[in-house]
Amino acid sequence: MVGANPKFQIADRANRATSPVVSRRLRWHWAALVVPLSFVLVQCGKAPNADMLAANTEGAKSRARSQTSIDTFDDRFPSPQFADRFPTAHESLPQVQRQVALAPQPPRTVRTEPVRVASLTQTLTLPRTEREELTTLVSMKSSAFPYAGTNPRSEEPFLNISKGDRKGHRSYGGRVYWQDETYNDSRVLVHVPETFDVRKPGVIVVFFHGNGATLERDVRDRQLVPQQISDSGVNAVLLAPQLAVNAADSSAGKFWQPGGFKRFIDESASHLARLYGDPKSAQTFANLPIVIVGYSGGFLPTAWSLEVGGIPNRVRGVFLLDAVYGELDKFASWIEKNRTGFFVSSYTRYTKRHDQELMQMLRDKGVTVTESMDGPLRPGSVVFVQTPDGVTHRDYVTQAWTEHPVRDVLVKMAATPALTRVASAPYANR
């Protein structure tokens, strides 16, 4: 398959136990026994403080000077206790469910149906197997990185550091990240559930991950984003581009560019059609409505995709997970101009100040704001929901106001057909 790496395909469950990915994980677990705990926490997806997440936003430095307290890594990513890492026999772990999901599955259901063939016999009954879900990594030219353009806030080159032949970027926090290590991964995590039907109304979910993340370790295995989409039962597929690799940096890369988000969605149509198993379905994927989910540092590519992405009216929903660190004007502008979509922002104490500021901006514009997730999402819904202090930022994608919030939002969205109606689906009408 062009552009896909079969090593990461979950569909091949029978060989999962001996795959290179699992072997690497086993070696990592042995390595974790001898490296300092702080290094392990970094590899598990640490994000910077609120100021770092607000990098490249208007007035970030002035806000930093006026802020009376600064959230630290330890505030938002507390060190796990022994009981967190080694639960008792009476406790359960989400990983158990993943092991079950990766275990060899029973034989697939085989159904028969008449198939016309070029022979003297008019019809012939042939077996046809059910299609399985697929989660894989695909390289896309229009993904966030590599990026050799400018930072739109400063109009200076994004790669602003050099050392010999190496180029890098000095982040807002002052740390230097090198292009060949941090900004050179063009892969996109693509998930097509086995129940997805291109002939029915559906959506494309675009997930922008937070700081300190990788697609496999965090988005797929820890935050369970593909699983949440499948478990929702909604007719949806997933695109999750790799942003800065395992770094405390929120840079949007090509999504900073005018039309960058549109180019990303346009390129994805052929990849989704190929993975779905019918290249003719590309035209349908090219017209599906979009829901953007931004977690933590993913606020920056989300905001710029709405502002300059080139297809704001095709976005039917925006869901922010503890992610309002800046760019309030861009979010407010999209909400005011696109009353056919929904906007949801759930937040902890780390982003409470910015969420409250955004709520007031919207009320001043005459936009109705609610603060409860009860009931379905409808065109024009604007919802802010605060989660209690016991909810941690690091686990927010799987535990916010409810368990698996991405799944919950998709279920509420699906209760309103107008949000998932296909804009144009000639394939479905064949």
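Tutor: The protein chain exposes about 20,400 Å², of which carbon and sulfur atoms supply 52%; accessible areas come from the Shrake-Rupley method with a 1.4 Å probe, and for residues only the protein chains shown count as cover. This is a predicted model, in which local features need pLDDT of at least 70 and side-chain atom pairs count only at pLDDT 80 or more, while totals for chains, interfaces and linings use all residues. Residues are numbered from 1 along each chain as its sequence is written, and side-chain values use heavy atoms, with hydrogens and water left out.

Of the 430 residues of the protein chain, 50% count as buried (under 20% relative accessible area, with exposed over 50% and partly exposed in between, 1.4 Å probe, protein chains only). The chain holds 16 helices and 15 strands, which are DSSP runs numbered from the N terminus (helices H or I, at least four residues; strands E, at least two). Among contacts (heavy atoms within 4.5 Å) between residues at least 6 apart in sequence, 77% join residues at least 24 apart.

The largest nonpolar core has 66 residues; such a core is a set of buried Ala, Val, Leu, Ile, Met, Phe, Trp, Tyr and Cys residues joined through side-chain atoms within 4.5 Å. Phe-261, Phe-285 and Phe-343 have the most contacts inside this core. Helix α11 (residues 260-276) gives the most to the core, with 8 residues. Leaving aside neighbours within four places in sequence, Phe-285 is in contact with residues including Phe-196, Val-198, Ile-204, Ala-269, Leu-272, Tyr-276 and Arg-314. A second, separate core of 32 residues includes Leu-321, Leu-377, Val-406 and Val-409.

In soluble globular proteins, nonpolar side chains tend to be buried together. Phe-207 is buried, with a relative accessible area of 1%, and has its place in strand β10 (residues 203-208). Not counting residues up to four places away in sequence, Phe-207 touches, among others, Val-219, Val-225, Leu-238, Leu-239, Val-293, Tyr-295 and Val-397. Phe-207 and Thr-302 are 95 residues apart in sequence, yet 9.0 Å apart in space, C-alpha to C-alpha.

Finally, a helix contact. Helix α10 (residues 225-232) and helix α16 (residues 405-414) have axes that come within 8 Å and cross at roughly 35 degrees; axes are lines fitted to C-alpha atoms, for helices over the stretch in contact, and angles run from 0 to 180 degrees between N-to-C directions. The contact is made by Gln-228, Ile-229, Asp-231 and Ser-232 of α10 and Pro-405, Val-406, Arg-407, Leu-410 and Val-411 of α16.
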